[in-house]
Amino acid sequence: MKGKKLKYTVCIDAVFMHQKISFADAMRKAAKAGYEAVEFWSWWDKDLGQIKKCMEETGLQTAAFCTKFVNPGDASLREDYLQGLRESLGAAKELGCPALIAQAGWEFDSFPKGITRAQHRVSLIETMKRAGEMAAAENVTLVIEPLNLLVDHPGYHLALSEDAFDLLERIDCPNVKLLFDIYHQQITEGNLIRTITAHIKEIGHFHAAGNPGRGEITEGEINYPGVLKAIAECGYTGYVGLEYMTEKDPVPGLERTADEILI
């Protein structure tokens with residue numbers, strides 16, 4: 001986005017969730033609102049050729065999307081996870097996408113198989129070590145995302161920032177970083193600016209939404225201008241993804257966000 005200190009991306013699957021329009025038309029609306037990049041959750045249910053054509057038409061970049069949803073905390077599924085990653089890396093190459101979003105897995109999937117939390121963690125670390133090597137070979141960054149347990153994702157394996165940064169240290173791959181979701185971490189622990197500035201070199205992507213309600217970032221308790229200013233002052237060069245949800249026409253909200261909040 002021209003004139004801004006940070007780079008921003010619109011999560012199409014979130015922001016346009018309630019709009020009955022095609023994915024390509026949603027991309028065009030994001031571009032019309034002044035944004036230069038998009039991201040999304042799943043790639044395997046989308047027409048990548050159509051996305052690529054729309055990128056060429058609008059000048060949009062694809063900033064990030066998710067790897068296939070296989071539990072990396074289950075060692076018996078490791079090869080399935082890595083195969084899904086291999087396919088996701090192929091999609092990233094096709095779209096010129098620099099980052100893939102990795103989940104840490106749900107313990108309610110692990111526990112019925114007799115996998116303890118500690119065993120889940122061991123498998124997660126080993127899987128991500130191998131995943132990191134695969135991604136590095138394609139010049140792609142993997143970003144692991146903590147999620148809040150209180151409101152949206154009970155049973156998920158990774159919530160606390162301290163726990164997540166410890167996980168990165170144990171994985172020990174320079175291209176495996178953290179996706180710091182400002183909305184999720186506000187619910188989990190707060191203390192946003194202190195945590196972000198202390199660990200900015202370990203963060204590869206940000207997500208943003210208003211809290212409570214996961215609505216537009218012009219609303220709620222999070223001081224987004226202050227948080228974004230702190231991120232910019234750290235010299236962060238990656239993307240900040242708008243991953244909020246709205247039932248309104250998203251374009252006026254995206255334009256208002258750019259005018260009032262984004263720096």
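Begin by selecting glutamate 107 and arginine 117, whose side chains meet in a salt bridge with an N to O distance of 2.4 Å. The model on the screen is a predicted one. This pair links distant parts of the chain, since glutamate 107 belongs to helix α5 and arginine 117 to helix α6, ten residues apart. Glutamate 107 counts as buried, at 10% relative accessibility, whereas arginine 117 counts as partly exposed, at 36%.

The next stop is another pair. Select aspartate 74 and lysine 113, which form a salt bridge whose closest N and O atoms are 2.6 Å apart. Aspartate 74 lies in the loop between β3 (61-66) and α4 (78-95), and lysine 113 lies in the loop between α5 (107-110) and α6 (117-137), so the bridge ties together parts that are 39 residues apart in sequence. Is aspartate 74 buried or exposed? Its relative accessible area is 4%, and aspartate 74 is therefore buried, the limit being under 20%. Over the whole structure, a search finds 14 salt bridges.

Proceed to the largest pocket, which holds about 310 Å³ of space. To find its centre, select Cys66, Phe69, Gln103, Trp106 and Leu147, the residues of the lining that lie nearest to it. The lining comprises 21 residues in total. Colouring by residue class divides this lining into nine nonpolar, seven polar and five charged residues.

Finish at glutamate 138, in the loop between α6 and β5 (141-144). Glutamate 138 is partly exposed, with a relative accessible area of 41%. Which residues does glutamate 138 contact, leaving aside its neighbours within four places in sequence? They are Leu89 and Lys93.

Methods: Residues numbered from 1 in each chain as written. Predicted model: local features only at pLDDT ≥ 70, side-chain atom pairs only at ≥ 80, totals over all residues. Heavy atoms only, no water. Salt bridge = Lys/Arg side-chain N within 4 Å of Asp/Glu carboxyl O. Helix = DSSP H or I, 4+ residues; strand = E, 2+ residues; numbered from the N terminus. Buried < 20%, exposed > 50% of the residue type's maximum accessible area, 1.4 Å probe, protein only. 1 Å grid on protein atoms, 1.4 Å probe; cavity = no way out; pocket = protein on both sides within 12 Å on 5 of 7 lines; lining within 4 Å. Points joined across faces, edges and corners; volume = space filled by probe spheres on them. Nonpolar A, V, L, I, M, F, W, Y, C, P; charged D, E, K, R; others polar. Contact = heavy atoms within 4.5 Å.
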